[in-house]
Every structure is written in structure tokens, then in C-alpha cells.
Number of protein chains: 2
Amino acid sequence: MHAANRLHNVSEYYFSEKLREIQTLKSQGKPIINLGIGNPDLPPPAQAVQAIQNAVNELNKHGYQPYKGLPELRNAIAQFYQKHYQVSLNSESEILPLFGAKEGIMHLSMAYLNKDDQVLVPNPGYASYSSITNLVEAEIVTYDLDENNGWQPDFDALEQLDLTKVKIMWVNYPNMPTGGKSTTELFEKLIAFGIKHQVLIVNDNPYSFILTEKPLSILSVKGAKKTAVELNSLSKTFNMAGWRVGMLTGNKDVIENALKVKSNMDSGMFYGLQIGAIAALNSENGWFESINSHYIKRREIVWKMADQLGLKYDKSAEGFFVWCKITNGKTSHEMSDYLLYEHDVFVTPGSIFGSKGDNYIRFSLCVDEKQLEEVLNRLN
Amino acid sequence: MHAANRLHNVSEYYFSEKLREIQTLKSQGKPIINLGIGNPDLPPPAQAVQAIQNAVNELNKHGYQPYKGLPELRNAIAQFYQKHYQVSLNSESEILPLFGAKEGIMHLSMAYLNKDDQVLVPNPGYASYSSITNLVEAEIVTYDLDENNGWQPDFDALEQLDLTKVKIMWVNYPNMPTGGKSTTELFEKLIAFGIKHQVLIVNDNPYSFILTEKPLSILSVKGAKKTAVELNSLSKTFNMAGWRVGMLTGNKDVIENALKVKSNMDSGMFYGLQIGAIAALNSENGWFESINSHYIKRREIVWKMADQLGLKYDKSAEGFFVWCKITNGKTSHEMSDYLLYEHDVFVTPGSIFGSKGDNYIRFSLCVDEKQLEEVLNRLN
């Protein structure tokens with residue numbers, strides 16, 4: 001049986017290959033410390049754990065759940081958006097709970113992209129925007145992010161492009177991997193661009209509570225719902241990456257079309273996960289201060305590592321990665337290999353996020369202070 | 001923004017529309033009893049509930065999980081297949097845990113179907129085979145199931161077709177909606193057909209423990225792994241439809257290609273659900289006897305309803321639906337509407353499963369005896 005053409009451009013995820021190598025090195029006795037992956041190590045809110053435990057005791061709640069999620073979950077998301085982003089959402093028509101933001105990239109791509117359509121994908125950027133575009137056989141048009149521009153899109157350059165076939169623009173602020181900041185001004189430019197060119201702007205927004213001054217949503221911009229939706233997730237905000245609870249919010253026609261795809265691909269989210277997610281979404285503000293206090297301390301240590309290695313970084317970057325420029329002429333893969341083989345530390349090479357990441361490496365803050373201090377000692 | 005062409009043929013799932021009408025009728029005070037949907041009402045195994053409660057207390061297990069599922073879950077699936085189906089599977093290469101069997105229909109369709117490829121879909125049959133084929137813009141070729149043939153495919157008719165463009169044949173035994181039986185002889189014919197014509201045979205097998213003489217897997221046939229995979233699920237077997245735990249088993253190349261799609265669409269299954277699923281899969285044989293004892297008693301009452309309505313049915317049918325032939329000249333929609341509006345009972349019209357279901361209605365056994373007795377009283 002021959003696989004479909006759409007699989008030809010899809011390769012194994014970089015991390016799954018690299019993690020196998022790390023596993024092999026560990027089994028050979030190497031004390032590898034992994035600063036590669038953004039998988040929160042801190043525990044989820046206690047009330048979320050308690051809520052799922054209580055929920056599974058309701059023995060009549062183990063059957064199929066609604067495709068659109070429980071109304072109670074959609075209401076909790078609406079309240080969350082109102083409280084933290086000052087964005088009003090209709091919980092019936094402007095919110096769709098997802099199994100994770102990545103799933104939403106698939107739903108939107110299936111719902112909007114024909115074979116010859118084009119998609120604007122950031123370079124550097126999260127690999128799934130490209131791999132899912134390949135899966136639906138649409139065409140990737142990359143747009144560059146540059147540190148001299150605060151990792152924002154270059155709108156003058158974008159306006160030079162022939163945009164007639166562009167259907168979706170993926171944006172992601174606070175930005176991963178660069179830590180580029182989300183600002184109201186940037187979101188206003190993006191919304192104006194989307195309206196002018198009839199392009200669906202999708203802001204992938206999982207990092208808005210991590211080391212930011214203030215959480216921002218693209219939907220807070222006036223007129224945003226005309227042309228934009230936002231992907232969001234409990235993964236990073238509540239240390240619940242394994243729960244697979246995310247959401248799509250914004251333009252109601254887009255939500256409706258995403259639901260058409262979704263309802264043909266899955267059969268709703270486990271009741272207990274939804275009840276636990278509601279409990280997490282209702283967390284008090286102290287929660288965010290608490291997790292950020294860890295990330296602040298960890299970041300201090302990573303900055304010292306970077307100093308030791310002669311790397312350059314931006315102290316005002318957002319999110320839980322430290323994105324560092326290599327200044328000794330090494331490529332990102334060479335630098336990553338050097339750290340792995342000489343110091344038993346895995347750090348992500350920037351080039352896996354695109355050619356514009358080639359002079360950078362990315363440190364994750366999802367590792368405790370003790371291990372980070374150990375890495376620092378190895379480098380000294 | 002215009003939706004992609006693939007959405008043009010995708011409509012709202014019949015049940016979501018109908019359930020809204022039922023909700024409206026209920027809110028008007030109508031005492032509707034819903035015998036429409038196959039959503040198990042009995043509780044899941046107690047040890048599965050206990051296992052997920054224990055698992056979520058492991059506070060370092062709330063992060064991303066492997067795309068392929070935990071090795072422990074794949075081992076439990078392998079043991080389950082060995083114990084109940086006498087099928088040996090390699091847990092590394094021949095098993096892929098899924099969020100549900102429906103998700104697997106999507107993965108396989110994405111992995112194998114180009115735009116002009118054809119797919120054999122049963123009539124009557126589960127609506128998702130067609131709707132997902134539409135989503136990937138491949139071509140549906142229906143094959144008829146007929147009661148005079150025990151609801152098996154007519155292999156003589158299949159051989160008459162031009163099969164050169166056919167990539168996948170969806171089969172589903174024990175059959176839904178008809179209750180047609182799974183037999184080794186049938187599976188042998190299907191495997192021979194798949195090998196001869198180089199067609200991927202996918203048996204969707206969620207009902208093998210419900211009112212069957214003996215659970216059967218298509219993979220128990222010699223040579224099956226050359227041309228076949230099986231979708232299976234904990235939904236009906238363990239009353240865990242809401243958990244969204246299913247599996248794909250069989251041909252390793254197919255598993256590998258399905259994983260390529262899956263790893264680009266999701267980020268692994270919640271640890272607690274996997275641990276709960278393992279506990280369920282390890283259930284003793286008494287579990288199956290226990291749930292079937294309920295279905296046997298319920299079926300007796302539904303048979304009495306059918307007798308009262310002058311419907312014909314097969315007492316040896318498998319699965320938890322009773323598929324009844326209408327003998328008074330009414331169409332399936334007319335019969336369903338008659339029961340809904342005259343007796344406040346919702347029963348699924350057979351035509352939603354395809355034109356060959358037009359003279360049939362389907363009763364679900366996922367309703368307790370007390371409500372079934374109430375329905376019987378209304379009909380007397």
C-alpha cells in the first residue's frame with residue numbers, strides 16, 4: 001500500500017529522534033540534563049487534580065461528551081478571557097474547546113486550505129505550522145522574524161508579496177522560540193493587515209501568562225473578531241500539558257467551520273478533564289505569580305550559563321524559553337552538539353525552527369534550579 | 001473567508017441536530033425516552049476509576065506523553081489481544097493507541113488517500129467512513145450489505161468492480177447498525193480479497209464483546225497482517241466511551257504511517273487515562289459476562305416492543321443495537337417520527353446509515369430496563 005502524497009513531506013518530529021539519542025546516551029551512563037523541551041515540570045493547580053478525582057466518581061459521566069464541550073467549560077473560558085484579557089466572548093458561538101492548540105492548527109488548516117492555497121508561516125517558528133500545511137498539501141510562504149525588529153513581522157515586506165492566494169497567517173505572540181513580546185500595537189497591525197487582505201489571522205497564544213508584564217489576547221483589539229481567531233491552551237498556563245485541553249476563540253464563522261472538521265474527527269472531551277480544566281481556569285491571580293516566581297529564579301541561572309558561553313540574549317523576552325544568539329561562529333547544531341557531547345546538556349538548536357534560527361540556541365526553563373545550577377557548574 | 005472545498009460535502013452530524021429537537025421537546029414537558037444513541041450507560045470497571053484517581057496524584061505525570069502511548073499501555077493491549085482474540089502483536093510496531101476509533105478513520109484516510117483514490121464503504125454503515133472520505137476529498141464507492149446474505153459483503157459483486165483505484169475497504173464486524181456477525185470465514189474472505197487486490201482492509205471492531213458468542217479479531221486470520229489493520233476501542237467493551245481510548249493494530253507499515261499523521265495532529269494521551277485504560281484492559285472475564293447479562297435482559301424487552309410494532313429482527317444479531325425491519329410500508333424516517341411524536345420515544349431511522357437502511361429502524365440497548373419497560377407500556 002502506497003502512502004498518500006501528503007505524507008511525502010512529513011518527517012519524524014525532530015524531538016522524537018533526538019530524545020532517542022539522549023536515551024541511548026543516558027543508558028551509557030551519561031548524566032544528560034535536558035534543557036530542550038517546553039514541558040512544564042511544576043505541578044498543576046491542586047484544585048484541578050481534586051476536581052478530576054471527584055468527577056470520575058460520577059459514574060454516569062463516563063459516556064460521550066458534547067463535540068462543543070460542556071457549556072460549563074465554555075462559560076469558564078469566557079470568564080477567563082474576560083478576567084485576564086478583558087475580552088468578551090459569546091460562549092455559544094465564539095469558543096470551541098480543543099484537545100490542545102496543535103489540534104486546532106489541524107482543524108483550521110482542514111477547514112480553510114485548498115491544495116493551491118498559501119499560508120504565511122513565521123521563520124523562525126513552531127514546526128507544526130509547516131508540517132500541518134504540508135499534510136493538507138497547501139503552500140507554505142515563510143515570513144521572516146528578525147531580532148532587530150523585536151521578532152515582529154516586517155509589514156512592509158509582507159505588503160510586497162502577492163497575497164491573493166494567502167488564506168491563513170500564523171502568528172504567535174508571545175513568540176516561540178524567540179520570546180518576542182505581544183503588544184497591543186503589534187496586534188492592531190496584524191488585524192488591519194488581515195482585514196485589508198482578507199487573511200485569517202490566527203494567534204497561537206499559549207505563553208501569555210509566562211514572564212509577561214500582562215497577558216494579552218489578539219482579540220482585545222477592536223475589530224479583531226472580523227478576521228482573527230486565537231488558539232490558547234492550559235498546557236503552559238496551568239502546567240497541564242498532558243491533559244490536552246486547549247481552545248479556539250474568536251470569529252464565529254471560523255469556529256463553526258472548525259467544529260465541522262472536529263466533529264468528524266473526534267467524539268468530545270472526557271468529562272473529568274473538562275471539570276478539572278474548569279477548576280484550573282478559575283485559579284486566583286496568586287497562581288500566576290507563584291509559577292512565575294520559579295521561572296524568574298530559573299531564568300537568572302540560565303542567563304549566567306549564557307554569559308559563560310558568550311551568548312547574547314534579551315532580558316525582556318517573554319515565555320519560558322531563553323533564546324540566545326551564538327557569537328563564536330558556530331551553527332546552532334554545532335553549538336547544540338558541543339553542549340551535548342562535551343557537557344552532557346541538551347539545548348535545542350535554533351535551526352529546527354527555520355533558517356532564521358540558525359545562529360541561535362534555545363534553553364527551556366522547565367527544569368528545576370538544582371539541575372540548572374549543576375549545568376552552570378559544568379560550564380564554569 | 002471561504003471554507004475549503006472539502007467542507008462542502010460535510011454536514012452536521014445527524015444526531016447533534018436531532019438531539020436539539022429532542023431537547024426542545026423535553027423542555028416542552030414531553031417525557032422523551034431516547035433509544036437512539038449507542039452511549040453505554042453502565043459504569044466502567046471500578047479498578048479503572050480507581051487507577052485514574054491514583055494516577056493524577058502523581059504530580060510529575062501531568063506533562064506531555066509519548067505520541068505512541070506508554071509502553072505499558074501498548075503491552076496491556078498486546079496482552080488483551082492475546083488473551084481474548086488469540087492474536088500475537090508486537091507492542092513496539094503493531095499497536096498504536098488512539099483517542100478513539102473514529103480518530104483512526106481520520107489518520108488512515110489522511111495517510112493513504114489521495115484526491116482521486118477510491119474507498120469501499122458499506123451501505124448501510126457508520127456515517128464517519130463517508131464523511132471522513134469526503135473530508136480528504138477521496139471518492140466513496142459503496143458496497144451493499146443485505147440481510148439475505150447475513151449482512152456480509154457480496155464478494156461476487158465486489159469482484160465485478162474496477163478496483164484499480166480502491167485503496168481502503170472499511171468493514172465493521174460485528175456490524176453496526178445491522179448486528180451482522182463476525183465469523184472467521186468472513187474474515188478469511190476479506191483478507192484474501194485485500195491481498196488479491198492490494199486493498200487495505202480496515203475492520204472497525206468495537207462490538208466484539210457485546211452479545212457475541214466469542215470475541216473475534218480479523219487479525220486472527222492467517223496472513224491478515226499483510227493487508228489489514230483493526231480499529232478497536234474501550235468505549236463499548238468497558239463502558240468508557242467518554243474516555244476516548246482506542247487503538248489501531250495490525251500491519252506495521254500502516255501503523256507507522258498513521259503515526260506520522262497522528263504525531264502532527266496531537267501531543268499524546270493524558271497519563272491518567274492511559275493508566276485507567278490499562279486497568280480496564282486487565283479486567284477478568286467476569287466483566288464481560290456481567291455487562292452482557294444486562295444487555296440480554298434489555299434485549300428481551302426491545303424484542304417485545306418490536307413484536308408489538310410488527311417489526312422483524314434477527315435474534316442472533318451481535319452488538320448492543322436491535323436492527324428491525326419495518327413491514328407496514330412506512331419509511332424509516334416515518335417510523336422514527338411516528339414513535340417520537342406519538343409515543344415520545346426516539347429510535348434511529350435506518351436511512352441515516354445509507355439507502356439500504358431505508359426499511360429499518362435501530363433500537364439501542366444503552367437504556368435501563370425500567371425505561372425500556374415504560375416504552376413497552378406506551379406501545380401496548
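Reader: What covers the buried residues of H7(B)?

Author: Among the elements covering them are helix H6 (155-160), strand E5 (166-171), strand E6 (200-204), helix H8 (224-227) and strand E7 (228-233) of chain B. Contact is counted when two C-beta atoms, placed from the backbone, lie within 7 Å. Helices (H or I, at least four residues) and strands (E, at least two) are DSSP runs, numbered from the N terminus. This is a predicted model, where local features need pLDDT of at least 70 and side-chain atom pairs count only at pLDDT 80 or more, while totals for chains, interfaces and linings use all residues. Residues are numbered from 1 along each chain as its sequence is written, with chains lettered from A and ligands numbered from 1 in the order in which they are written.

Reader: Which residues of H7(B) are buried?

Author: A residue is buried if 20 or more other C-beta atoms lie within 10 Å of its own, exposed if 12 or fewer, and partly exposed in between. In H7(B), the buried ones are B:Leu186, B:Phe187, B:Leu190, B:Ile191, B:Phe193 and B:Gly194. They cover an arc (taken from the directions from the helix axis to the C-beta atoms) of only 160°, so they sit on the same side of H7(B).

Reader: Which exposed residues does the face turned away from the buried side of H7(B) carry?

Author: That face has B:Thr184, B:Glu185 and B:Lys196. Just after H7(B), B:Gln198 takes a positive phi of about 55°.
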